[in-house]
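Open the model in your viewer and keep the selection panel at hand. We will go stop by stop.

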Amino acid sequence: MRSVPVSVDYDIAVVGSGFAGSLFAMIAHRMGKSVILLERGKHPRFAIGESTTPLSNLLLEELATRYDLPNLLPLCKWGTWRQTYPELVCGLKRGFTFYHHQPGREPQRDDQLLVAASPRDAIADTHWYRADVDGFFVGEAQRAGVDYRDQVCLHTARERDDGITIEGERLAITARFVVDATGPRGFLHRALSLSELPLPDMPATEAFYTHFTGVQRLDEIDDPPYPVDDAAVHHIFDGGWIWVLRFANGITSAGVAASFGLGEGESAWRGLLDRFPGIRRQFASAEAAMPFVHAPRLSFRSGAIAGRRWALLPSAAGFVDPLLSTGFPLTLLGVERLARIMERGWESAALATYARQTEDELLATSRLIGAMYATMDNFPLFVSLSLLYFAAASFSETARRLGKPHLANSFLLHDNPRFQMRPILERARMVRNQAESRALSDEIRRFIEPFNVAGLGDPERRNWYPADAGDMLLAAQKLGASRDDVARVLDRCGFHAAG
């Protein structure tokens, strides 16, 4: 680590060099700001694997294009990633795979939900092997000219009229603005003694996870919409779920999140697998590649998100759950908004709006995922609730690709008066029998119909949803577009190309 002289002034200090912090530092530098990027640890480092979605890939593409970061563009599709950066480890993600498990019983056909995110591998989403990808982003920030310092231990932050001073061992830096990308309960949350608030309707959850070798593929389904293992795999059971994200280097990221006591370590993991033969079979030959990480308090919400001279990125402002891969789009939306505020000179009103939007989206995500936890023992209703997410995400992505971002200004369309999920989510918690469950599922299908561009809820598909261009063409009018408009979008994003 290079020593940092005392009283160095910067326009922007970014604390935390995960992909989001490094990305924001690059954007700030592209705007002509003097930027320092500070990291407590050192790359490469372990971080939990995460998955992109079509919306998060589009957001990254838009940011890379707007701020002239061409080296990031290949990361927006699996095919261009593998062609351009074959040494940079990722995994193929064609969609979202869900299996519902009951103790002692193998899942059946009605215990499945498969939602494709792409029609073919070349334009598919990816699982990010964070040890590689975060290091790549840091390297890009350094090559762009960002001043990067690692192994920096920070202790305090003090606001002044003209900036904010952050101090640590052998270090004192004054910046006009500080962006915190250090994750839940991170640097500014501690240094500024910010409060922690509960997440509404979200149960208290904990998690443990690690990387494995030797995880078997499932691949026993006949003619699925995509290979079921090339996805974010979700094994759902009453009160919790296990994720499985497969990387191209033979490593698999897997772990469990639950609203009941899990215990710790490999013995607790094996005890959980013993309850569910379908999951136990997948991990029969698996070995942990490193010790389990235990997160005793998974969800988090900061009592403050922005001040006059500082802001938390969404990943530092709060966290709900890995379910549905919501972390990337929430964070990238926050990077986009903060970058535009930076362009205008950190106006106080704009920062207050950013804080409100970030909190509103966090709360909307919490309510949805909390309701899904409450229905993990009722898989048909759990599936119906998941369609709220898939409808909002696919509508938002398509609207942005059509050049109509005003139709989808917020994550989960939470500020759209025609997509107010809260009454439905509250009713889901009170369902008492199968008749009420079926009635609410029917209501959800009607509710999403004005936003349904992916053929969701079609009973003939029995919860298997391919990425079908025909669905989007038929839904063109829902987006105020013509079929020709949608066809051109599909061509631009490579939907119809061969290979």
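By class, how many nonpolar, polar and charged residues does the lining of the second largest pocket have? Six are nonpolar, seven polar and six charged. Bear in mind that this is a predicted model.

**Stop 1: the pocket.** Select Pro-380, Ser-384, Arg-438, Ser-441 and Arg-445. Of the 19 lining residues, these lie nearest the centre of the second largest pocket. Its volume is about 470 Å³. Now colour α11 (379–401) and α13 (434–448); each gives at least two residues to the lining. The largest share, six residues, is from α13.

**Stop 2: the sheet.** Show β3, β7 and β4. They form an open, antiparallel sheet in the order β3-β7-β4. β3 (50–51) and β4 (90–93) are at the edges with a single partner strand each, so one side of each has no neighbour in the sheet. Zoom in on β4 and β7 (residues 125–128), which pair over four bridges. Cys-90 has Trp-128 in β7 as its bridge partner.

**Stop 3: salt bridges.** The whole structure holds 37. Pick Glu-140 and Arg-143, whose closest N and O atoms are 2.8 Å apart. Both are in helix α4 (residues 130–144), about one turn apart. Glu-140 is buried at 9% relative accessible area, while Arg-143 is exposed at 59%.

Next, select Asp-471 and Arg-461, a salt bridge at 3.0 Å, N to O. Asp-471 sits in helix α14 (residues 469–474) and Arg-461 in the loop between α13 and β21 (464–465), so the pair ties together parts ten residues apart in sequence. Both residues are buried.

Notes:
Residues are numbered from 1 along each chain as its sequence is written. This is a predicted model: local features need pLDDT of at least 70, side-chain atom pairs count only at pLDDT 80 or more; totals for chains, interfaces and linings use all residues. Side-chain values use heavy atoms; hydrogens and water are left out. Two strands pair if DSSP finds at least two bridges between them. On a 1 Å grid over the protein atoms alone, a cavity is a set of points where a 1.4 Å probe fits but cannot get out, and a pocket is an open set with protein on both sides within 12 Å along at least five of seven lines; lining residues have an atom within 4 Å of a point. Grid points are joined across faces, edges and corners, and a volume is the space filled by probe spheres set on the points. Ala, Val, Leu, Ile, Met, Phe, Trp, Tyr, Cys and Pro count as nonpolar, Asp, Glu, Lys and Arg as charged, and the others, Gly among them, as polar. A salt bridge is a side-chain nitrogen of Lys or Arg within 4 Å of a carboxyl oxygen of Asp or Glu. Buried means under 20% relative accessible area, exposed over 50%, partly exposed in between (1.4 Å probe, protein chains only).
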